[in-house]
Every structure is written in C-alpha cells, then in structure tokens.
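Me: Hi! Could you walk me through this one?
Reply: Happy to, here it is.

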Amino acid sequence: MAESGVNPTAAALLGLLHEGPMTGGQLMAAAERRLAPYWSMTRSQVYRELPVLAERGFVRLGKPGPRMSQPYALTASGKRTFSRWLTENPGRDTIRNPIALRMAFGNLHSASQLKGLYASANEYHTEALAQVREQVKNAKRDGETYDASALEFAVAYHKAALSWLKSAPVG
C-alpha cells in the first residue's frame with residue numbers, strides 16, 4: 001500500500017463518493033458506469049472495502065434504507081486521503097489478457113479452437129469499442145473532459161486488441 005494507506009479499489013470508491021452518498025449497490029453501478037471500460041471492480045471488493053473505509057473514518061454510514069441498504073458518505077478525512085492518493089506514484093500496469101495467455105499455448109490448440117477463440121475475442125472487442133466510443137461521445141457532450149480522456153484509453157485498448165487479433169497465428 002502507498003503512503004495514503006489505501007489500495008486502488010478503496011481510492012476508486014472514495015473518488016466516486018465525491019458525487020455524494022451512495023450505497024454499496026449504487027457504488028457498484030457508478031463504478032460500472034464510469035470506470036468499467038478501463039478499471040474492473042467486483043461486488044465482493046466493494047463490499048469488503050466499505051467497512052474498512054468506515055472503520056478508518058474515511059466514510060460514514062447513513063441511515064439504513066430499504067432492504068437494509070446503507071449509504072456511505074465521504075468524510076473530510078476521506079477527501080484528504082483521496083487527495084493524497086492522487087499525488088502518489090501509480091505504479092506499473094498489471095496486464096491480464098486471457099486471449100494472450102491462451103495464445104501463449106497456441107501450439108496446444110487445434111486450428112479450429114484458435115479460430116473460435118479469435119472470433120469470440122474479435123466480437124467482444126468490436127462491441128466494447130462501439131460502446132466505449134459512445135461513452136466518450138456522451139462524456140464530451142456533457143463537458144466531462146477527464147472522464148472522456150480516461151475512456152479514450154479504453155478506445156485505444158480495444159483498437160489495439162483488434163489490430164493484434166488480425167495478426168494472430170491460426171495454427
């Protein structure tokens with residue numbers, strides 16, 4: 001962990017809470033809407049981090065709502081911690097691409113397996129590219145310059161993946 005003492009998932013939650021109080025489910029939806037094209041978070045990560053953030057005084061719990069959902073609000077300490085996290089060195093990227101991993105063992109696949117794998121990956125990246133381009137367009141329209149810039153990373157990623165798939169050996 002860095003100087004701020006929070007991991008990237010916790011920091012992402014603190015960042016999202018700048019929008020206002022949210023329940024775990026609302027935070028998950030906000031993460032999906034805003035961050036998913038370039039940063040993944042699971043529901044279990046969100047629900048594991050929220051009590052820790054509350055215990056450390058970075059968020060405070062609101063009144064329980066329907067189905068015992070509980071909103072979390074960012075505290076002044078949480079804002080300071082997030083600001084400190086923003087200034088830290090982000091470290092190195094972690095790359096985990098399941099298609100590249102399978103390609104590394106391509107000699108153990110049949111040609112038809114590889115073709116199916118590439119076709120599926122191509123379909124996924126084509127659809128994801130269309131979706132994220134729409135998100136960029138909407139972010140720019142709404143004046144969300146920084147969101148649009150982060151989303152452009154996802155555009156470039158999917159374009160690179162599609163280009164790479166075109167050159168992949170089939171067996």
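Me: Where is L101?
Reply: L101 sits in helix α5, residues 98–104. Helices here are DSSP runs of H or I with at least four residues, strands are E runs of at least two, and both are numbered from the N terminus. A word on the source: this is a predicted model, where local features need pLDDT of at least 70 and side-chain atom pairs count only at pLDDT 80 or more, while totals for chains, interfaces and linings use all residues. Residues are numbered from 1 along each chain as its sequence is written, and side-chain values use heavy atoms, leaving out hydrogens and water.

Me: Is L101 buried or exposed?
Reply: L101 counts as exposed because its relative accessibility is 52%. The cut-offs are under 20% relative accessible area for buried, over 50% for exposed, and partly exposed in between, with a 1.4 Å probe and protein chains only.

Me: Which residues make the nonpolar surface patch?
Reply: L101, F105 and L108 make a nonpolar patch of about 350 Å².

Me: Switching to α4, how many residues does it have?
Reply: α4 has 12 residues, 76–87, and reaches 17 Å from first C-alpha to last, close to the 16 Å expected at 1.5 Å a residue. That expected span is 1.5 Å times one less than the number of residues.

Me: Which of its residues are buried?
Reply: In α4, G78, T81 and F82 are buried. They cover an arc of only 100° around the axis, so they lie on the same side of α4. The arc is taken from the directions from the helix axis to the C-beta atoms. On the other side of α4, R80 and T87 are exposed.

Me: What covers the buried ones?
Reply: The cover for the buried residues of α4 includes α1 (8–16) and β2 (72–74). Contact means heavy atoms within 4.5 Å.

Me: And how many residues of α1 are buried?
Reply: α1 is mostly covered, with 8 of its 9 residues buried. Its buried residues pack against α2 (24–34), α3 (43–55), β1 (59–61), β2 and α4.

Me: What about T23, where does that lie?
Reply: T23 is in the loop between α1 and α2. T23 is buried, with a relative accessible area of 14%. Beyond its neighbours within four places in sequence, T23 is in contact with S69, Q70 and P71.

Me: Last one: what does R133 touch?
Reply: R133 is in helix α6, residues 111–141. Not counting residues up to four places away in sequence, R133 touches V155 and K159. R133 counts as partly exposed, at 43% relative accessibility.

Notes
Patch = residues over 30% accessible without salt bridge, like charges linked within 9 Å, V, L, I, M, F, W, Y side chains within 5 Å. Areas by Shrake-Rupley, 256 points an atom, 1.4 Å probe, with all protein chains shown as cover. Salt bridge = Lys/Arg side-chain N within 4 Å of Asp/Glu carboxyl O.
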